[in-house]
Amino acid sequence: MAPAVLIEQLQKRYGAIEAVKDVSLQVESGEIFGLLGPNGAGKTTTLRCLCTLTEPDSGRIEVSGVSAIEHPRLARQHLGYVAQEVALDKVLTGRELLELQAALYHLPRQTIKPRIVEILTLLGLDEWADKKSGTYSGGLKKRLDLAAGLLHQPDVLILDEPTVGLDIESRVAVWNFLRELRSQGTTVLITSHYLEEVDALADRVAIIDRGIVIAAGTPSELKDQVGGDRVTLRIREFSPVEEAEQAKVLLEALPLVQEVIINRAQGNSLNLVVAPQSEALITIQNALQQAGLPTFGIAQARPSLDDVYLNATGRTLLDAEIAAAGSRDLKAEKKQNMR
Amino acid sequence: MSRTITPPQSEFKDQVGAIALPKSTPLSDFIQETLALTRRLFIQLQRRPSTLAAGIIQPLMWLVLFGALFQNAPQGLFGDSASYGQFLGAGIIVFTAFGGALNAGLPVMFDREFGFLNRLLVAPLASRFSIVMASAIFITTLSLIQTAAIVVMSAFLGSGLPNALGLALVGLIVLMLVLAVTALSLGLAFALPGHIELIAVIFVTNLPLLFASTALVPLSFMPKWLQVVATLNPLSYAIEPIRYVYLHSDWNLGSVVVQAPWGAVTMGTSLLILLGFNVVAFLAIQPLLKRTLA
Ligand SMILES: Nc1ncnc2c1ncn2[C@@H]1O[C@H](COP(=O)(O)OP(=O)(O)OP(=O)(O)O)[C@@H](O)[C@H]1O
Ligand SMILES: [Mg+2]
């Protein structure tokens, strides 16, 4: 069976900016696929190309085996798209928006009314159905937008940052909802720059940075590839630099320790990479004790997706976000993305 | 999102399979989407009735105030018209329809700017021409309502009424003008970068085209150069036939409606010119629509 989504060597530039340099990914039918990357990585551009809103410069895009470039109309029939920015008509009620949406997807007339009732209930919007969407709260708007994307029961649901701006509770509700959809066979492709979100939700992940896929696989595969567990160690709540340096030298001599970094921003705590699944904590604590150093706090964890990103790019996601924030002309982009 | 979200029920798909549904065709799909898009525009109008009210009150004020301006002008100054008010009626009808159609692109431009248009563009529309079609239906309906209001008002002001066939012709002319101008405005809505630019274009076209037409004064009042401009202005070919049917119940396609510097223009020629205007307008916007609406 053809994969739900196939993207090969996608390329898209806006003038001098290469928004997407080389993106290839394959989303299997019935999985939740996460596209993770910092601001400006090219996530939205990739999705816009997939949804036939933007014409790529080169590359192949297929939805359930249908080329989105040669047969955009056919491809659109398989897709449901919920854009990064909610765009509702504030004069229409929720129900009216869904009625419009139903007609745009040519749902058979007699099924429209019951289907709308069903989806409104599903997203807990019943009470709001006949109020103008201009009066909705941010969370309600997002829900209505989601309802519109789901109304025609697409094979592939594409969500661009579905949980941005939602509180934790709402976010978890969306996660559960997407899992439920998956269990019924819908393929879900989401973008996010929340590591935990992708880690918790996605069956498979592609990490994208500056228009290039730098890693792809299941979250645990990716973490295994990075190798080594992470240990954070605090000798005291605030250690003097000399003491941290001393501990660093001491710990680097231990065979199971691969790397030690002093984190000055965190009161000179130590970040260690140690052999995976090792009994590192005891060994480290013993070594410190013999040198007459106390242990204020110590924890061992498997690497996170952030470590995967760090390993591939040499910077953390947070650093990348901060760097990207300074270098974008949001207004110009908004203009460009209008069609 | 609250915790009240329950898992989706999958009844819907089974249900669709169970009922024997009528087959949809590209044409029925096109009609379905066009009607839905048109409905949206009418809902907007209904919830913001002030735009409609203003669109009706404004031409009526023109008619009353402007008509009074030359109240005491000598009889016969405005050709066969008994009064300036009677002369002006046709100009106000056309100017109002023109102004409405010129603004047709604005809602589409706002949809582009807010991202709502993306919602339409990711949907598997039978043809994206339905977006244009919906605007055209909406604007022509609106223009016909405005026209009716002006016709009724000018009858009250003593300008008389064309006969039924004449009224039908007035409707047809308004329709032709509105379609062409709506097309141009929608083309601009896709070509220009944003609503500021579109409003600027509307601003610099609207009044100059009014003054460079025969809406307010007959050709004979104008200097030669303006006569040439006015006879190149498609608005004149909507105004003159309407003016003619107001004054002559015995009109036919051969009736001479205006003396242009280059010769007599008949009713039939005017209609052909309006038709040509439509063809040119629709051809002109093709490439613009293709770029976005391919
Ligand atoms: N229409 C446009 N015109 C010019 N540059 C653009 C346009 N759209 C995107 N870009 C640029 O392309 C790059 C990728 O943008 P994109 O929106 O795809 O990133 P993203 O991964 O979705 O980011 P975010 O997490 O902030 O949504 C950015 O550098 C951006 O500045
Ligand atoms: Mg984005």
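Axes are lines fitted to C-alpha atoms, for helices over the stretch in contact, and angles run from 0 to 180 degrees between N-to-C directions. Helices (H or I, at least four residues) and strands (E, at least two) are DSSP runs, numbered from the N terminus.

The model is predicted, so that local features need pLDDT of at least 70 and side-chain atom pairs count only at pLDDT 80 or more, while totals for chains, interfaces and linings use all residues. Residues are numbered from 1 along each chain as its sequence is written, chains are lettered from A and ligands numbered from 1 in the order in which they are written, and side-chain values use heavy atoms, with hydrogens and water left out.

**Stop 1: a helix pair in chain B**

Select helix 5 (residues 105–114) and helix 8 (residues 164–191) of chain B, which pack at an angle of about 20° with their axes 8 Å apart. Helix 5 of chain B and helix 8 of chain B are therefore roughly parallel to each other (angles under 35 degrees count as roughly parallel, over 145 as roughly antiparallel, 65 to 115 as roughly perpendicular and the rest as oblique). Helix 5 of chain B passes helix 8 of chain B in a right-handed crossing; a crossing is left-handed if the near helix is turned anticlockwise from the far one by less than a right angle, and right-handed if clockwise.

Show side chains next. Contact, meaning heavy atoms within 4.5 Å, involves Gly105(B), Val108(B), Met109(B) and Arg112(B) of helix 5 of chain B, together with Ser185(B), Leu186(B), Leu188(B), Ala189(B), Phe190(B) and Ala191(B) of helix 8 of chain B. By class, this contact of helix 5 with helix 8 of chain B has seven nonpolar, two polar and one charged residues. Here Ala, Val, Leu, Ile, Met, Phe, Trp, Tyr, Cys and Pro count as nonpolar, Asp, Glu, Lys and Arg as charged, and the others, Gly among them, as polar.

**Stop 2: chain B as a whole**

Residues 49–70 of chain B are 95% helix and 0% strand, with the end C-alpha atoms 33 Å apart. For residues 198–221 of chain B the figures are 58% helix and 0% strand, and the end C-alpha atoms are 33 Å apart.

Then zoom to strand 1 (residues 256–260) and strand 2 (residues 263–266) of chain B, which pair in the antiparallel sense over four bridges; two strands pair if DSSP finds at least two bridges between them. A hairpin joins strand 1 to strand 2 of chain B through two residues, and Ala260(B) has Gly263(B) as its bridge partner in strand 2 of chain B.

**Stop 3: where chain A meets chain B**

Select helix 3 (residues 94–104) of chain A and helix 2 (residues 26–47) of chain B; their axes come within 8 Å and cross at roughly 160°. That makes helix 3 of chain A roughly antiparallel to helix 2 of chain B. The crossing of helix 3 of chain A with helix 2 of chain B is left-handed. Among the residues in this contact are Glu96(A), Glu99(A) and Leu100(A) from helix 3 of chain A, and Arg39(B), Arg40(B) and Ile43(B) from helix 2 of chain B. The residues of the contact of helix 3 of chain A with helix 2 of chain B divide into seven nonpolar, one polar and six charged.

**Stop 4: strands of chain A**

Select residues 5–235 of chain A, annotated in an unreviewed UniProt entry as "domain: ABC transporter". Within chain A, strand 9 (residues 204–209) and strand 10 (residues 212–217) pair in the antiparallel sense over five bridges. In their hairpin, which has two residues between the strands, Arg210(A) takes a positive phi near 45°.

Finally, display the open sheet of four strands in chain A, with the order 12-13-11-14 and antiparallel pairing. Strand 12 (257–263) and strand 14 (297–301) of chain A stand at the edges, each with a single partner strand, so one side of each is left without a neighbour in the sheet.

Methods. UniProt positions are given in the numbering used here, feature names are shortened, and annotations may be inferred rather than shown by experiment.
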